[in-house]
Amino acid sequence: MGSPQGSTLTTNMVGLVDGSSARAEVSFIDSLPVYVKELIAGGAAGAFAKTTIAPLERIKILLQTRTDGFQSLGVYQSLRKVLKHEGVMGFYKGNGASVIRIIPYAALHFMTYEQYRGWMLDNYSFLGSGPVVDLLAGSASGGTAVLCTYPLDLARAKLAYQVGDTRSKFGSGMKSLYPRPAYSGVTDVLTRVYRDGGIRGLYRGVGPTLAGILPYAGLKFYIYEEIKTRVPEEHRKSIVMNLSCGALAGLLGQTFTYPLDVVRRQMQVGTLQCSTIQGDARYGNTYEGLTSIVRNQGWRQLFAGLSINYIKIVPSVAVGFAAYDMMKVSLRIPPRQKLQAEPSG
């Protein structure tokens, strides 16, 4: 009576010990299409990187948009002011929208980069397999990801722009120096913006965003891949090396495109800026925004928050690229050379 059951139990135990369940897991992971693995790897990398630099991103937006009370402050003073009036959670205001946006954005960004790159190599061999392909594929993937997730970026900017004194409600009961926030959350932003301006309202500022992301995304991937080719083969899988390559790529790429990011932010929060900015922030297009900022706010405003952007872009891009490469290994995504040698599908 006990013998067959004991035999079955013994067989099951042997199966667990020799890794049968592990093989089942392996077969599931390996059965996923490569593009699905790339989506998962990109989304995870983006979320991890964005959460790392959320406090610096909040301060950068406040400096870019010349929020009342922050015009003449530096990074450190701004951090102290947010902490004083809003507490630690103030550093993460708008971060919910940021993470919700960054997961699909980064997933699409990395996945479409790999897909565009493979497509170009298959169909446009005259481009070669070097930096030109990385530049074009990076630009195209950046534009694709922006168009698919821009409304969430708009919501994040509007939420981060608001400054409310959440601590004054307790204790003394004194009236806050800051107005009550206009929006209560991501859904509220999207609903009200769509009601007031329709689809065009949800994509306000997308022009300078695309103008900035196309060269930035292209340069970022180009510089990262180019630097990695100059790293000895035995060091290419090093986390420190990937972090260093990613940091340099983000630093150089961001420097050339930062003024367009400032125009984008001011266009996004234009309806919230009553009297806190000299001149009307409701620009008709990117060029008008650039010229108007220089004329009314000075050319230095085009680089407002750049120092904090340097501080945040180094860990952000570095962690993003390093996490993506690690996720590719974990999900057993074949190397590009092997993928290119295999037929599509």
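Helix axes here are lines fitted to C-alpha atoms over the stretch in contact, and the angle between two of them runs from 0 to 180 degrees between N-to-C directions. With that in hand, welcome to a few close-up views of this predicted model.

**View 1. Helix H3 packs against helix H12.** Helix H3 covers residues 34-52 and helix H12 covers residues 306-330. Their axes lie 8 Å apart, at an angle of about 145°. The crossing of H3 with H12 is right-handed.

**View 2. The residues where H3 meets H12.** On the H3 side, look for Glu38, Ile40, Ala41, Gly42, Ala44, Ala45, Phe48 and Ala49. Facing them from H12 are Ser316, Val319, Gly320, Ala323, Tyr324, Met327 and Lys328. What kinds of residue make up the contact of H3 with H12? There are 10 nonpolar, three polar and two charged residues.

**View 3. Tyr113 and Phe221 form a stacked pair.** A search of the whole structure turns up 10 aromatic pairs, and this view shows the rings of Tyr113 and Phe221, with centres 4.0 Å apart and planes at 15°. Planes under 30 degrees apart count as stacked, so the 15° between these two rings makes the pair a stacked one. Tyr113 belongs to helix H6 (residues 95-123) and Phe221 to helix H9 (residues 206-229), so the pair ties together parts that are 108 residues apart in sequence. Are these two residues buried or exposed? Tyr113 is buried, at 1% relative accessible area, and Phe221 is buried too, also at 1%.

**View 4. Two cysteines, and no disulfide.** How many disulfides does the structure hold? The number is zero. A disulfide is a covalent bond between the sulfur atoms of two cysteines. Cys148 is exposed, with a relative accessible area of 52%, whereas Cys245 is buried, at 3% relative accessibility.

Methods. Residues numbered from 1 in each chain as written. Predicted model: local features only at pLDDT ≥ 70, side-chain atom pairs only at ≥ 80, totals over all residues. Heavy atoms only, no water. Phe/Tyr/Trp six-rings, centres within 6.5 Å; stacked < 30°, edge-to-face > 60°. Helix = DSSP H or I, 4+ residues; strand = E, 2+ residues; numbered from the N terminus. Buried < 20%, exposed > 50% of the residue type's maximum accessible area, 1.4 Å probe, protein only. Left-handed = near helix turned anticlockwise from the far one by under 90°. Contact = heavy atoms within 4.5 Å. Nonpolar A, V, L, I, M, F, W, Y, C, P; charged D, E, K, R; others polar. Disulfide = S-S within 2.5 Å.
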